[in-house]
Amino acid sequence: MTAAGKSEREDLADVDLVLAGDVRAFEGIVRRWQGPLVNMAWRYCRDRSRAEELAQEAFIRAWRGLAQWRRESSFSTWLFALAANVYRSDLKRFPTVDVPLKDAPEPSHPARQHHALAAQASSDVVRRAVLALPLRYREPVVLFYFHEMDVAAAAYTMKLPEGTVKARLSRARALLRRRFPQLEAEHAAMQFAEKEVEG
Amino acid sequence: MNDERRTNPGDMELDRILAAEEPLIPSSGFLASVMERVHEEAVAPAPIPFPWKRALPGMVFAVAVLGWGGFELARAGVAAMTTVPLTLPQISAAMIGPLQQTGWVAGALAVSLASWILSRRMVGRLG
């Protein structure tokens, strides 16, 4: 049995127990999915304490709505869609950043720092810049990379057609590329460094 | 990666940065805190459902009385219209000031009510 299959069976068993009145069985669900849900929330807001609050709220909504899970999709798929809905609603009410994308800070010049540190700082700036994208472009980016670059999974979580998600991803990438034109140069530098190490 | 393969170096760099995210470990108390809230929810009494069965006869009666009242009022109004000569009401100059003020107050109340209803609907739609 694969890990995913085992987890799916455990989820089903725990859901049945919870629906039969065993509150403690919900602990198994939280234990298995706390990591993914907190990480997903983190990608939405980049604030650790808020990510945990959001994930907690998602678990509570899941607890309340467990009977509404129709078992047409896997439990994790249902849980992710529910969590995305909670995160989206909360971020609409209390946005994370008010900084427009054009005002996102530039990464500091790599030549002045140790290369690894500079690369790390540059990556952090790009990740934070995702938060400055308009929500309609931000969410596909967040969920696409959360689902390990699986467009179908991201589309299912957002309840949008795959074509729409692809179009929004493409637009989001274009916005980020325009904001960070040095990405191409960094990619070339990275490839050069890798070749040097191999050589 | 599905069919999302790219050749643009900028996109490839974006993929490298955004896909390589350090996983965040939930804090040690997270599980306990979620379960505490779940237990609170479990022991909380279920919300009392609205007693439709008891309220329905009263509501039907109230609607009927209001409807009957409205109908009678309209009928009396129509009857009065036929008997009273059509002349403009005579309002004394002393009454015009208070009437205007009452009109402004009524208008302000109506605007407040409309904005309150609108804001509630907007919050409901966003939330």
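The model is predicted: local features need pLDDT of at least 70, side-chain atom pairs count only at pLDDT 80 or more, and totals for chains, interfaces and linings use all residues. Residues are numbered from 1 along each chain as its sequence is written, while chains are lettered from A and ligands numbered from 1 in the order in which they are written.

Start with the chains. Chain A holds 9 helices and 0 strands. Helices (H or I, at least four residues) and strands (E, at least two) are DSSP runs, numbered from the N terminus. The order of elements in chain A is α-α-α-α-α-α-α-α-α. Chain A has 199 residues, and 34% of them count as buried. A residue is buried if 20 or more other C-beta atoms lie within 10 Å of its own, exposed if 12 or fewer, and partly exposed in between, with C-beta atoms placed from the backbone. Contacts have their own cut-off: two residues are in contact if their C-beta atoms, placed from the backbone, lie within 7 Å. Take the contacts in chain A between residues at least 6 apart in sequence: 57% of these join residues at least 24 apart.

Chain B has 4 helices and 0 strands. Its pattern along the sequence is α-α-α-α. In chain B, 8% of the 127 residues are buried.

The axes of α3(A) and α4(A) lie 9 Å apart, and the helices pack at an angle of about 125°. That angle makes α3(A) oblique to α4(A). Axes here are lines fitted to C-alpha atoms, for helices over the stretch in contact, and angles run from 0 to 180 degrees between N-to-C directions. Angles under 35 degrees count as roughly parallel, over 145 as roughly antiparallel, 65 to 115 as roughly perpendicular and the rest as oblique. The crossing of α3(A) and α4(A) is right-handed. A crossing is left-handed if the near helix is turned anticlockwise from the far one by less than a right angle, and right-handed if clockwise. On α3(A), the contact uses L54(A), E57(A), A58(A), R61(A), A62(A) and G65(A). On α4(A), it uses L79(A), L82(A), A83(A), V86(A), Y87(A) and D90(A). By class, 8 residues of this contact between α3(A) and α4(A) are nonpolar, 1 is polar and 3 are charged. Ala, Val, Leu, Ile, Met, Phe, Trp, Tyr, Cys and Pro count as nonpolar, Asp, Glu, Lys and Arg as charged, and the others, Gly among them, as polar.

R71(A) sits in the loop between α3 and α4 of chain A. R71(A) is not a glycine, yet its phi is positive, about 60°. R71(A) is exposed, with 9 other C-beta atoms within 10 Å.

Move on to α6(A). This helix has 12 residues and reaches 16 Å from its first C-alpha to its last, close to the 16 Å expected at 1.5 Å a residue. The expected span is 1.5 Å times one less than the number of residues. Of the 12 residues of α6(A), 10 are buried, so the helix is largely enclosed by the rest of the structure. Among the buried residues of α6(A) are Y137(A), R138(A), E139(A) and F146(A).

After α6(A) comes E148(A), with a positive phi near 50°. M149(A) lies in the loop between α6 and α7 of chain A. M149(A) also has a positive phi, about 60°, although it is not a glycine. M149(A) is partly exposed, with 17 other C-beta atoms within 10 Å.

E139(A), P140(A), L143(A) and F144(A) of α6(A) meet V151(A), A154(A), T157(A) and M158(A) of α7(A). That contact has 6 nonpolar residues, 1 polar and 1 charged.

Next comes α8(A). The axes of α7(A) and α8(A) come within 9 Å and cross at roughly 105°. The two helices are therefore roughly perpendicular to each other.

Last, the contact between the chains. It takes 37 residues from chain A and 29 residues from chain B. On the side of chain A that touches chain B, α2(A) gives the most, with 9 residues. That side divides into 18 nonpolar, 7 polar and 12 charged residues.
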